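Thanks for coming. I will take a few minutes to walk through one structure, starting with its aromatic rings and ending with the overall fold.

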Amino acid sequence: MPAAAPDRPLIVFSDLDGTLLDHESYDWRPAEPALAALRERAIPLILASSKTAAEIAPLRAGLGFAHCPAVVENGAGILPAEGEDAGDGQARYAELRAALDRVPARLRRHFSGFGDLGTVGIAAATGLDDRSARLAAERRFSEPGLWAGTDGDKARFVEALAEMGVKARSGGRFLTLSFGGTKAERMTEITAALFGAGLPFIVALGDAPNDTEMLQAADRAFIVANPHGTPLPHLAGETDGTISRTAEPGPAGWNDAVLPLVSAWPQAGGA
Ligand SMILES: [Mg+2]
């Protein structure tokens, strides 16, 4: 791994599903030793997920990192630290829905966004239980949806939205619309907000293609094994040792990656 000045503070960014949370049970307890080490040293842990603020806030509190901001809706927005001003509520989401309403009806009818599906439809589309589906519906920055038309119409639909400044990204089953922003861009933004001109050593963990930019932008990154997911292709950083893969999946792999790194880090106080 690249040499880090011992006086550089550490900051950790992590995906949730399939990374810090077990793919099936959503359990994070195998990572508790590493999480405790982070808390003891006051090292920030920034959760970065496709989940909404409503979904992430209780998880973040349960993990003991409510004092840290989080990246929500796949980088489309930020959930501030608990107690800080969360901004303009659902204004951005309302703008997104308004843009959708301006797309020609012959294209629009093939797209079923979460706002069209409602809680019952979201539960059916995602496999979430009713309570989780309600939290997933509390969107602020992005609109995932199912596309049921042809590829040609999909291209025209995406183009019509692009003219209104809306970006579309396909991932898994969903086509997700937003005004832009990736996990990596939010990583830069949050690091600058927390450390100013001070240059922290950034560690990132993820398991899936939507984590790639974040992993590549970190000083040290770990691809957490996920036997259930789409395997990430070989990343350039794996050749020089900046990026490595965990043997164990989910929170056990997370712990194996983070605990030795944090335990060996000089106790510099953190943010
Ligand atoms: Mg994941």
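This is a predicted model: local features need pLDDT of at least 70, side-chain atom pairs count only at pLDDT 80 or more; totals for chains, interfaces and linings use all residues.

Numbering runs from 1 along each chain as its sequence is written, and side-chain values use heavy atoms, with hydrogens and water left out.

Now to one of the pairs. Phe-114 and Phe-174 sit edge-to-face, 5.5 Å from centre to centre, with 85 degrees between the planes. Phe-114 belongs to helix 5 (residues 114–126) and Phe-174 to strand 8 (residues 174–178), so this pair ties together parts 60 residues apart in sequence. Helices (H or I, at least four residues) and strands (E, at least two) are DSSP runs, numbered from the N terminus. Both Phe-114 and Phe-174 are buried, where buried means under 20% relative accessible area, exposed over 50%, and partly exposed in between, with a 1.4 Å probe and protein chains only.

Next, Trp-147 and Phe-157. Their ring centres are 4.9 Å apart and their planes meet at 40 degrees, so the pair is tilted. Trp-147 is in strand 6 (residues 142–147) and Phe-157 in helix 7 (residues 151–162), so the parts tied together here are 10 residues apart in sequence. Are these two buried or exposed? Trp-147 has 17% relative accessibility and counts as buried; Phe-157, at 0%, counts as buried too. Together with Phe-111, Trp-147 and Phe-157 form one aromatic cluster.

Stepping back to the whole chain: the protein has 11 helices and 11 strands. Its radius of gyration is 19 Å, close to the 18 Å that the globule rule gives for 271 residues, so the protein is as compact as a globular protein of that length. That radius is taken over C-alpha atoms, and the rule is 2.2 Å times the number of residues to the power 0.38. The C-alpha trace spans about 60 × 40 × 35 Å along its principal axes. Of the 271 residues, 49% count as buried.

That is where I will stop.

How values were computed: Rings of Phe, Tyr and Trp (its six-membered ring) pair if their centres lie within 6.5 Å; planes under 30 degrees apart count as stacked, over 60 as edge-to-face and the rest as tilted.
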